[in-house]
Amino acid sequence: MEQEIAMMVFSVIMTLIVFGSIVGTILLYPLVKRLGGYLEAKSEEARALAGRSPEDLERLFSSLESFGRRLKELEERQEFTEKLLARPKSGDQG
C-alpha cells in the first residue's frame, strides 16, 4: 500500500516537473532570445571599440557633440519657420 502511494506521488511529481519544464521553456524562450541578442550586440560594440585609441574616441565624441549642436540649431530654425508660416499675413486682413 505504501509503495503504491509512493509511486503515485512520484508520478505526480514527475508529471509536474515535466509540465513545468515545458511551460517554462515556452514562456522564457523569447526572453532568453532577446537577452542573447542584447549580449551579442554589446560584445560586438566592445570589440569594435577595443582597437581604438583614446584620441580616436575623443575625435568621435567631439564629432557627435558637433552633430548634436547642429541638429539643435536646425530644430530651432525649423520651429521658427513653422511659427512664421503659421501666422496670418497682415496684408490679407481687411
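Let me begin with a definition: buried means under 20% relative accessible area, exposed means over 50%, and partly exposed is what lies in between, with a 1.4 Å probe and protein chains only. By that definition glutamate 79, which has a relative accessible area of 44%, is partly exposed.

What you see above is a predicted model, in which local features need pLDDT of at least 70 and side-chain atom pairs count only at pLDDT 80 or more, while totals for chains, interfaces and linings use all residues. Residues are numbered from 1 along each chain as its sequence is written, and side-chain values use heavy atoms, with hydrogens and water left out.

Let me turn to the overall form. The chain holds two helices and zero strands, where helices (H or I, at least four residues) and strands (E, at least two) are DSSP runs numbered from the N terminus. Its radius of gyration, taken over C-alpha atoms, is 32 Å, whereas a compact globule of 94 residues would have a value near 12 Å; the globule rule used there is 2.2 Å times the number of residues to the power 0.38. The C-alpha trace spans about 100 × 55 × 15 Å along its principal axes.

How many of the residues, as a percentage, count as buried? The figure is 0% of the 94 residues. The chain exposes about 9300 Å², of which carbon and sulfur atoms supply 64%; these accessible areas come from the Shrake-Rupley method with a 1.4 Å probe, and for residues only the protein chains shown count as cover.

Valine 23, in helix α1, is partly exposed at a relative accessible area of 31%, and its C-alpha atom is separated by 51 Å from that of glutamate 55, which is 32 residues apart from it along the chain. Leucine 35 also lies in helix α1 and is partly exposed at 48%; between its C-alpha atom and that of glutamate 73, 38 residues apart along the chain, the separation is 37 Å.

Now to the start of the chain. Methionine 1 sits in the segment before α1 (2–50) and is exposed, with a relative accessible area of 74%. Together with Ile5, Val9, Phe10, Ile13, Met14 and Ile17, Met1 forms a nonpolar surface patch with about 710 Å² of accessible area. Patches are made of residues with over 30% relative accessible area and no salt bridge, like charges being joined within 9 Å and nonpolar side chains (Val, Leu, Ile, Met, Phe, Trp, Tyr) within 5 Å.

Charge is my last topic. Side chains of opposite charge can pair when their charged atoms come close. A search of the whole structure finds two salt bridges, each defined as a side-chain nitrogen of Lys or Arg within 4 Å of a carboxyl oxygen of Asp or Glu.

One of them joins aspartate 56 and arginine 59, with the closest N and O atoms 2.3 Å apart. These residues are separated by about one helical turn because they are three residues apart in helix α2 (residues 54–86). Aspartate 56 is partly exposed at 26%, while arginine 59 is exposed at 52%.

The other links glutamate 79 and lysine 83 at 3.5 Å, N to O. Why are these two separated by about one helical turn? They are four residues apart in helix α2. Lysine 83, at 54% relative accessibility, counts as exposed.
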